[in-house]
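Subject: Structure for your review

Dear colleague,

Please find below the structure that I am handing over to you. My notes on what was found in it follow.

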Amino acid sequence: EFDPQTHRLKVKRGVLQVYGLRLPLLFDWTERIGAERESTHKVLPMPRYSKRDGLLLPYYFDLAEDRTDLRSTLEVHLTAKRGVTFMSETVVPRGRWVGEAYASRMEDVRGKMFANLVYDRLPELRLTGYQHSPRQEQGWRASLGLGNFYERDQSLGGPPEVHRWRGEIGAGYLWGGQARRRSQGAWAEVAGTHAIYSQGESYSDLALTLGGGRRFSPALGGSLEFVHHFLGGQTPFQFDAVDLRTELRPALQARLTETWRVSASGRWDLDTRRLRDYYLELGKRMHCLTWSVFYRFIGGSVGLRLDINGLTGDTEPPALTDPLAQEYLRAQEDLNQPAEARDGT
């Protein structure tokens, strides 16, 4: 059932049927429909394997199923080598401002080349403001953050644990937001942060991003980003530090057949002139679901992913003609509008 007031899709006592195999859902599942869709493991735990964790099973819980004024989630990972890890997030939107609270244990450093680095946030509080043009083509953001962090490197003989409180202020401006989301057209972004730590250190990062993407054919598309960081000061945390000062980020998506697709992305270090990280994915579309297998070079991570077409990941919805589907599409278009447009201001 779809609730247009809370923008949530609920599945109760559901069953996934794949090639005649019936897979019952282990619990009721709720998905909040939002403008930014990401791949999730909310339907079934999708196993992964990496050199650091061994086998990993992720579980996701929505702690605010019937609330429209906040989002609260808990993500738990059961790992063979690290034991139990978790990350909780509570988000409270208020017009153009969003309040956020985080807590985590042994959280992965995502998007950087630190395969054995983890940290705890106990807790972190953030306040972020947004202002976009009517079509979200350009806009600014500003943020304030305060958190208590513990960082540790799990490499053999790695450095000892680092503990600091961190206060951070940030601001940024993005041109070409729709082009970036669709990987078609040109975009640019300037974003800066300044962090102060409890033992007197400070660290500044001003990042310039220039990018562009296009569809070469209905079955082939790609994009390329150039990123350069202007740095100042010193941080005690590796997860705060910029890992590549100047880099290129190429990405390619190709549809092999009507149901099979492949995608690849990487990070090319312009200072050392070599490929530092890459990600490969092969997906199979089956009407309303897409099953994928992926591999990431950093950490030697390989795993399975399940997307609901048009709802998670960058998948497109199947042919939708029934009244419930049309109601969902209207709600999605409403959420794609900035908050002030939805509120009539």
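Strands are DSSP runs of E with at least two residues, and they are numbered from the N terminus. The model is a predicted one, in which local features need pLDDT of at least 70 and side-chain atom pairs count only at pLDDT 80 or more, whereas totals for chains, interfaces and linings use all residues. Residues are numbered from 1 along each chain as its sequence is written, and side-chain values use heavy atoms, with hydrogens and water left out.

I begin with the nonpolar surface. A patch of about 1000 Å² is made by Y49, L55, L256, W260, V262, L280, L282, V293, Y295, F297, V302 and L304. Areas come from the Shrake-Rupley method with a 1.4 Å probe, and for residues only the protein chains shown count as cover. At least two residues of the patch come from each of β18 (260-269), β19 (274-286), β20 (289-296) and β21 (301-308).

Setting aside neighbours within four places in sequence, F294 is in contact (heavy atoms within 4.5 Å) with R48, Y279, L280, E281, S301, V302, G303, L304 and R305. Between F294 and G283, eleven residues apart in sequence, the C-alpha to C-alpha distance is 8.6 Å.

Next, the strand pairing, for which DSSP must find at least two bridges between two strands. Strand β14 (residues 185-197) pairs in the antiparallel sense with β13 (residues 162-175) over ten bridges, and W175 stands opposite A188 of β14. With β15 (residues 202-217), β14 pairs in the antiparallel sense over twelve bridges; here T193 stands opposite D205 of β15. Four residues lie between β14 and β15 in this hairpin, and G200 in the turn has a positive phi of about 95°.

Finally, T85 is located in β9 (residues 83-94). T85 counts as buried because its relative accessible area is 4%. Residues up to four places away in sequence not counted, T85 touches E75, V76, H77, R105 and M106.

Yours sincerely

Conventions. Buried < 20%, exposed > 50% of the residue type's maximum accessible area, 1.4 Å probe, protein only. Patch = residues over 30% accessible without salt bridge, like charges linked within 9 Å, V, L, I, M, F, W, Y side chains within 5 Å. Salt bridge = Lys/Arg side-chain N within 4 Å of Asp/Glu carboxyl O.
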